[in-house]
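Thanks for coming, everyone. Let me put the structure up, and then we'll walk through its contacts, cores and rings.

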Amino acid sequence: MTTVPRTKLTADQRNSFIAAQLGWTMDAFDYFIVIFVYADIATSFGKSKGEVAFITTATLIMRPVGALLFGLWADRIGRRVPLMVNVAVYSVVGFLCAFAPNFTVLVILRMLYGIGMGGEWGLGAALAMEKIPAERRGFFSGLLQEGYSFGYLLASLASLLVSNWLGLSWRWLFALSIIPALIILILRTRVRESEVWEAAQEKLRVTTTSFRDIVTNPVIVRRFIYLVLLMTAFNWMSHGTQDVYPTFLSATQHGGAGLSTVTAKWIAVIYNIGAIIGGLVFGTLSQRYGRRYTIIFCALLGLPIVPLWAYSHTAAMLCLGAFLMQLMVQGAWGVIPAHLTEMSPDAIRGFYPGVTYQLGNLLASLNLPIQERLAESHGYPFALAATIIPVLVAVIFLTSIGKEARGIRFGVAAPT
């Protein structure tokens, strides 16, 4: 195989990527805060854990709305301004969650937060991948996506610091999250507009092609439906292995591991390190071996890890199982920013990958409540295994019947 010379990033490319990666990191940080404190929230508002678990569903339900609104806006006026408005929206709303007077208000705020979160990934991925050289897209795809795992890791550490070491209320976690988000907003003011978007707009003017002409193209519509199904399986795979897991580790009922909350959070730190490694390694390998083969490889290796991950009885074995599971799950996910943006037409890349991603999130949004209900009736180990095994199989099947456009030059040709 011929070695492709490594293209050095320009200052604008670096700024664009860092802004996208940090934006996704803080988005995930704010989302996963809830995972560590929803038992505390339940106590504060006199609700069951199953009821409070709906907070995550409420957030995920609204993410397609954000992807649609911000995506359409970005395809019309460019990426920069919608991304800055986007980070301002989720920063302020996330901060206001610290002051929610009751459960209803908190749910409403988390739904509004979901709109901001929904806009972040699609626009950030579009801008970053449009600026990154095609031959380096695999590595930076993994690095971008693992901003999500890094945000989860930061949420784990923040929860340890604020809740366990300082003994402060869950509200402090939401209040503190606004600081790094504002730093990202400042960084985004330095990012220039996407040249690919500008070229696509010029092409639309010259050819008199409308947005409607593109989105009603039968090939584009069929691919859209396929990608929504693929992202449903992917999001269920991710949330199914992450959201309830800290609760399972510390639960003393329903087959929970019965570990201390501190131990559970340290295990979360370790398995998120595995997730980051997986995204970087397999995102990079997808540049050589292909997006689809890499995803299938990771999902296949995830299947034999399920017993170790769900049914182990010691902290060490649970930690190992969780580390390996996230290595594979997020290894597959590391391919997705490159894969979705490569499969998206230039003219609607702000809208297309983000909406398919977030509609998949919507369809997978009942994961946590379902796992909690299954845990109550059959125990946490069964709930984990019964929800993740079919999803890994679905990821393998859906990926195998799809296509890819690895290494396509944006602005030159459309994926087929």
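First, a term: contact means heavy atoms within 4.5 Å. Leaving out residues up to four places away in sequence, Trp-309 touches Gly-240, Thr-241, Tyr-245, Phe-248, Leu-318, Gly-321, Ala-322, Met-325, Leu-384 and Ile-388.

Some ground rules. This is a predicted model, where local features need pLDDT of at least 70 and side-chain atom pairs count only at pLDDT 80 or more, while totals for chains, interfaces and linings use all residues. Residues are numbered from 1 along each chain as its sequence is written, and side-chain values use heavy atoms, with hydrogens and water left out.

Now the cores. A nonpolar core is a set of buried Ala, Val, Leu, Ile, Met, Phe, Trp, Tyr and Cys residues joined through side-chain atoms within 4.5 Å. Buried means under 20% relative accessible area, exposed over 50%, partly exposed in between, with a 1.4 Å probe and protein chains only. The largest core has 122 residues. Phe-234, Met-237, Tyr-245 and Trp-309 have the most contacts inside it. Helix H1 gives the largest share of this core, 17 residues. Helices here are DSSP runs (H or I, at least four residues), numbered from the N terminus. Another core, of ten residues, lies apart; Met-62, Phe-70, Ile-115 and Leu-187 are among them.

On to the rings. Rings of Phe, Tyr and Trp (its six-membered ring) pair if their centres lie within 6.5 Å; planes under 30 degrees apart are stacked, over 60 edge-to-face, the rest tilted. How many aromatic pairs does that rule give? The count is 25. Take Trp-24 and Tyr-357: centres 6.1 Å apart, planes at 85°, so edge-to-face. Trp-24 sits in helix H1 (residues 11-45) and Tyr-357 in helix H19 (residues 352-363), 333 residues apart. Both Trp-24 and Tyr-357 are buried.

Next, Tyr-90 and Tyr-113. Their centres are 6.2 Å apart and their planes at 85°, so this pair is edge-to-face. Tyr-90 is in helix H4 (residues 80-96), Tyr-113 in helix H5 (residues 103-131). Tyr-113 counts as buried because its relative accessibility is 0%.

Last stop, Gln-145, in helix H6 (residues 137-145). Is Gln-145 buried or exposed? Buried, at 1% relative accessibility. Not counting residues up to four places away in sequence, Gln-145 touches Trp-24, Trp-121, Trp-333, Gly-334, Pro-337 and Tyr-357.

Methods
Helices (H or I, at least four residues) and strands (E, at least two) are DSSP runs, numbered from the N terminus.
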